[in-house]
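Thanks for coming. Today I will walk through one protein chain, part by part, and you can follow along on the screen.

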Amino acid sequence: MKKTIAVSLLGTKLDFVGKGTHRWSKWRPNISLVCQPDLVIDELYLLHDNHSTRRANNLAVDIETISPETSVHLVQVNFANPWDFEEVYAKLYDFCQNQHFDIDHNDYLFHITTGTHVAQICSYLLTESRHFPGRLIQTAPDSTQEDKSAGRIQIIDLDLSKYDQLATRFDNEHLQGKAFLKGGIATKNEAFNRLISQIEKVAIRSKEPILLTGPTGAGKSQLATRIYQLKKKRAMLSGQLIVVNCATLKGENAMAALFGHTKGAFTGAATARNGFLRAANQGLLFLDEIGELGLEEQAMLLRAIENKSFHPVGSDLEVESNFQLIAGTNRNLKEAVAQGRFREDLLARINLWTYNLPALKDRKEDIEANVDFELIQFSQKQGNHIRFNKEARNTYLSFAHSPQATWQGNFRDLGSSIIRLCTLADSSRISAQDVEVEIMRLLSDWQPDEKRQNLRLLERFFSETQLSQIDQFDQHQLNHVLQECLCHQSMASAGRTLFNVSRTKKAVANDSTRLQKYLAKFGLKWQDIHISHDPE
């Protein structure tokens with residue numbers, strides 16, 4: 001049989017009713033604690049201050065009279081101000097630290113009826129954190145009992161899993177959080193559901209960086225937005241969501257855009273600018289395509305994540321910003337580290353919670369739910385309820401699940417497809433003919449063509465967003481230059497081939513310089529090309 005050991009504070013008023021025999025007819029909290037018919041207190045640690053020693057001794061004598069099986073240990077704990085939370089918590093904490101708790105042989109109870117409200121709160125916190133490895137017990141008078149001194153007790157176990165109603169509430173809240181992160185879409189993919197379940201826990205419990213990886217269109221931006229909204233609903237953030245596509249940040253502008261700048265920091269800086277990191281203070285910063293940041297920006301970002309402070313461009317003074325970071329990328333950052341294009345220490349810092357979002361082709365069981373979601377989204381925006389007729393829906397879903405449907409743009413392809421179908425539908429109904437036309441369009445979009453094959457080399461050096469900002473003429477020319485560079489061991493050798501005619505008309509050929517300047521127009525260096533080249 002385990003012994004029951006209780007800790008209690010001496011009641012400054014209720015535990016003191018004088019020495020007359022009438023005291024046995026009065027309800028006293030600590031007397032009530034030890035005279036319960038269904039609870040035997042084997043040991044009682046009675047905490048009191050130096051002004052209440054006599055009262056504590058008197059109470060100990062009464063306890064011995066009414067409950068001789070209870071050993072009373074008087075412990076002097078002095079509170080200069082019993083309403084000072086810091087002092088009370090510290091002294092109760094020290095008391096717990098000095099005890100040897102043997103939970104294999106003893107049950108422990110912390111009596112929370114006596115003492116100030118501050119002492120009761122501290123007792124709860126110490127028990128909930130398991131610094132006091134037991135349960136709470138509360139005593140109260142009971143007018144229905146014949147023995148008025150006994151009163152009644154209630155034991156409170158802070159293991160919430162033992163309370164069915166509370167456990168159900170927490171389970172429901174967890175389910176609601178997962179459904180919110182999925183946008184209310186009833187996904188059937190088990191791996192994706194497990195991923196979202198963990199992300200929901202991390203979003204609520206952690207402020208550390210989160211890294212979302214996966215192909216373009218897999219839903220990284222949407223998930224980051226949902227994480228922010230969930231944290232906002234739970235009052236975990238007070239600031240804004242700041243979304244930045246790092247692929248659009250280049251050169252000096254990248255540093256200034258991220259970290260801000262002072263007035264006159266560089267040519268064109270007519271006014272000071274706070275920058276994205278300061279705008280995200282007390283909020284969430286989503287850096288999409290983080291792999292496109294330059295090495296200098298990466299170094300500054302690492303410092304900002306670790307210290308929550310950084311120097312704006314042109315300033316000697318540090319500024320602070322307490323933001324949570326979510327980073328997104330469709331690149332393999334470990335390969336980028338090996339190639340010298342991404343800092344290993346930054347990857348280590350943002351790699352605590354990493355989640356790879358699967359492509360749509362790997363979640364085909366979720367296509368139908370996402371089709372319905374996109375239909376609802378379109379109808380809400382346009383104020384017009386659009387539906388498939390039965391034949392059209394069956395045809396579309398059959399194609400969507402077939403090997404022909406490669407969904408190269410992932411959920412973006414699916415969303416765009418539904419928007420086209422809804423827009424072209426007559427009488428708010430998508431017909432089988434509409435679906436046939438859309439299928440032909442999708443197959444055409446996904447068909448690899450010569451242009452795509454020829455420009456594949458550019459994808460080693462530029463993201464999809466960056467390529468969209470380069471003229472087709474420049475893409476073809478740059479692609480040819482890169483192919484030529486990969487065939488030569490030196491910049492001079494490549495330049496001689498590329499400028500084979502014009503160089504003969506110059507007094508000084510400067511082949512290397514001309515090639516270096518050309519590559520710099522697109523943010524490239526000679527070493528970038530050869531580091532990135534992985535010969536097959």
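Let me begin with a pair of strands. Strand S8 and strand S9, which covers residues 284-288, run parallel and are joined by five bridges. Within that pairing, Val 243 stands opposite Phe 286 of S9. Please keep in mind that this is a predicted model.

Now for the sheet around that pair. It is an open sheet of five strands with parallel pairing, and the order is S8-S9-S12-S7-S13. Which strands are at its edges? They are S8, residues 241-245, and S13, residues 353-356, and each of these pairs on one side only. Neighbouring strands here are turned by 15 degrees against each other on average, with direction ignored. A helix also packs on this sheet: H6, residues 190-205, touches S13 and strand S7, which spans 210-213. The direction of H6 makes about 150 degrees with that of S13.

Next, the other sheet on my list. This open sheet has six strands in the order S3-S2-S1-S4-S5-S6, and its pairing is mixed. At the edges stand S3, residues 71-76, and S6, residues 152-156; each has a single partner strand, so one side of each has no neighbour in the sheet. From one strand to the next, the twist averages 25 degrees. For those new to sheets, strands pair through backbone hydrogen bonds, either parallel or antiparallel. Strand S2, residues 43-48, runs parallel to S3, and six bridges join the two. Glu 43 is found opposite Ser 71 of S3. Lying across both S2 and S3 is helix H2, residues 53-66, which runs at about 170 degrees to S3.

How is the chain divided into domains? The domain assignment gives domain 1 as 3-161, domain 2 as 168-356, domain 3 as 371-446 and domain 4 as 449-531. Taken over C-alpha atoms, the centres of domain 1 and domain 3 are separated by 69 Å.

That leaves two helix pairs. Two packed helices are described by the angle between their axes and the distance between the axes.

Take H13, residues 367-382, and H15, residues 411-424. They pack at an angle of about 50 degrees, and their axes are 10 Å apart. That angle makes H13 oblique to H15. Their crossing is right-handed. On the H13 side, the contact is made by Ile 367, Asn 370, Val 371, Glu 374, Leu 375 and Phe 378. H15 contributes Phe 411, Leu 414, Gly 415, Ile 418, Ile 419, Cys 422 and Thr 423. Sorted by class, this contact has nine nonpolar, three polar and one charged residues.

The other pair is H14, residues 390-400, and H16, residues 432-446. Their axes come within 8 Å and cross at roughly 20 degrees. An angle under 35 degrees counts as roughly parallel, and H14 and H16 are therefore roughly parallel to each other. H14 passes H16 in a right-handed crossing. From H14, the contact involves Glu 391, Ala 392, Thr 395, Tyr 396 and Phe 399. From H16 come Ala 432, Val 435, Glu 438, Ile 439, Leu 442, Leu 443 and Trp 446. What classes do these residues fall into? The contact of H14 with H16 divides into nine nonpolar, one polar and two charged residues.

That is the end of my list.

Note on methods
Residues are numbered from 1 along each chain as its sequence is written. This is a predicted model: local features need pLDDT of at least 70, side-chain atom pairs count only at pLDDT 80 or more; totals for chains, interfaces and linings use all residues. Side-chain values use heavy atoms; hydrogens and water are left out. Two strands pair if DSSP finds at least two bridges between them. Helices (H or I, at least four residues) and strands (E, at least two) are DSSP runs, numbered from the N terminus. Axes are lines fitted to C-alpha atoms, for helices over the stretch in contact, and angles run from 0 to 180 degrees between N-to-C directions. Contact means heavy atoms within 4.5 Å. Angles under 35 degrees count as roughly parallel, over 145 as roughly antiparallel, 65 to 115 as roughly perpendicular and the rest as oblique. A crossing is left-handed if the near helix is turned anticlockwise from the far one by less than a right angle, and right-handed if clockwise. Ala, Val, Leu, Ile, Met, Phe, Trp, Tyr, Cys and Pro count as nonpolar, Asp, Glu, Lys and Arg as charged, and the others, Gly among them, as polar. Domain bounds come from an automatic or database domain assignment.
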